[in-house]
Amino acid sequence: MLRWGVIGCGQIAFDKAMPGINKACNAELVAVSDLRDERLALVTETWGDSVRTFNDYNHLLACDDVDVVYLGLPNEVHHPVTLAAAAQGKHVLCEKPLCIDAAEARAMIAASEAAGTRLMCAYMSRFGDSFIEAKRVIEEGHLGQIAMVSASFSFSAYKGYTLDKVGSWRWTGKRGGPLLDAGIYLAFAIRELLGCRVKKVSASMSTVVATDFPASDTTMGWFQMEDGTPGILSTCYSHNDSTFAIMGTNGKAEVYDCFAQNPGGHLIVKAGGYQLDFESQLPRLDHFDNYWKEIEHYSDAILNGTPHTPSARNALEDMMFLDAIEESATSGSIVELTY
């Protein structure tokens, strides 16, 4: 059993990660840290005295009986808290995105490697049934040669996360806007589903709807993989959409709504004689199912000394992709990535 601490008791941590830890066969929730007393009181009310609470995350990191921590914090503090955790010998499961940029990711990886600890980015939707099924379809070659990718993930943050709400850091934090918050899902999905890294990027960032907000609400881009496969992506705070389409010489696969907090998603494959209409069986799944699978996978890797997916290097490559998108949008030029 690994003993888990949670730093940052926001909605996702409380509703998803914490139940996922306690359901995992190889994990146990022992401590939670948050600046807000009302959130800690909710932890005690829900989990009892078996879970200790702290206002200062450094006190949690100093606990000898905490082996690994889940970071459910705003993006711009992932880097310093991960460094502090590594210094205390704690493994880290960090909510996506791993950090603000690739430079921070490299520093986080270096600190973890020097301390002999593990670092993993929490891409929980890759543990979902529809995502796994889409990956199987592609790897088994049902689509033939992949010829084109179209990826979109957007949600109406201009309605749900106005500047007077707790989630307004999505707009006002360092590198605010949809690229880090929602675009990271596209970055890892492109890499994982295609089994290849991005080589070239051309992108733009603009505001279409949310004119009263401090960050752009729309990012559009074209990319090319290392194997030459082209694709387009969009991530916005102006509307709701979650569609990942992979076109091959034999047909097409489309995955809908696989990036949501709750498990689910719908995969439709039309590839000649191979036809598939796959939808997650939601009644049999806990609402935190993807988080539970993620936590159990990471705990197993730590306990048995086996690789975990994504690796810290995978997460760095995803941050490099996002950096290239912003660099291209700023410069107006095609950016080529060097790994």
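**Exercise 1. Work out which residues are linked with Arg-191 in a network of salt bridges, and describe the surroundings of these residues.**

Step 1. The network of salt bridges links Arg-126, Arg-191, Glu-192 and Asp-318, where a salt bridge is a side-chain nitrogen of Lys or Arg within 4 Å of a carboxyl oxygen of Asp or Glu. This is a predicted model, in which local features need pLDDT of at least 70 and side-chain atom pairs count only at pLDDT 80 or more, while totals for chains, interfaces and linings use all residues. Residues are numbered from 1 along each chain as its sequence is written, and side-chain values use heavy atoms, with hydrogens and water left out.

Step 2. Arg-191 is located in helix α10 (residues 183-194) and counts as buried because its relative accessible area is 10%. Its side chain is joined to that of Asp-318 by a polar contact of 2.8 Å, the term denoting a pair of N or O atoms within 3.5 Å; within protein, one must be able to donate a hydrogen and the other to accept it, and residues adjacent in sequence count only if both atoms are side-chain atoms. Leaving out residues up to four places away in sequence, Arg-191 touches Tyr-123, Cys-196, Pro-310, Asn-314, Glu-317 and Asp-318, contact meaning heavy atoms within 4.5 Å.

**Exercise 2. Compare the salt bridges of Arg-136 and Arg-175.**

Step 1. The count of salt bridges comes to 22. In one of the pairs, the side chains of Arg-136 and Glu-140 meet at 2.8 Å, N to O; Arg-136 is partly exposed because its relative accessibility is 25%, and Glu-140 is likewise partly exposed, at 46%.

Step 2. Arg-175 pairs with Glu-326, and the closest N and O atoms are 3.2 Å apart. Here distant parts of the chain are linked, with Arg-175 in the loop between α8 (169-172) and α9 (178-181) and Glu-326 in helix α12 (residues 312-331), 151 residues apart. Glu-326 is partly exposed, at a relative accessible area of 26%.

**Exercise 3. Identify the residues that touch the most other members of the largest nonpolar core, and follow the contacts of Phe-244.**

Step 1. The largest nonpolar core has 84 residues, of which Leu-98, Ile-190 and Phe-244 touch the most other members. Such a core is a set of buried Ala, Val, Leu, Ile, Met, Phe, Trp, Tyr and Cys residues joined through side-chain atoms within 4.5 Å.

Step 2. Apart from neighbours within four places in sequence, the contacts of Phe-244 include Val-149, Ala-189, Ile-190, Leu-193, Val-255 and Phe-259, together with Ser-150 and Glu-254. A second, separate core of 27 residues has among its members Leu-2, Trp-4, Ala-13 and Phe-14.

How values were computed
Buried means under 20% relative accessible area, exposed over 50%, partly exposed in between (1.4 Å probe, protein chains only). Helices (H or I, at least four residues) and strands (E, at least two) are DSSP runs, numbered from the N terminus.
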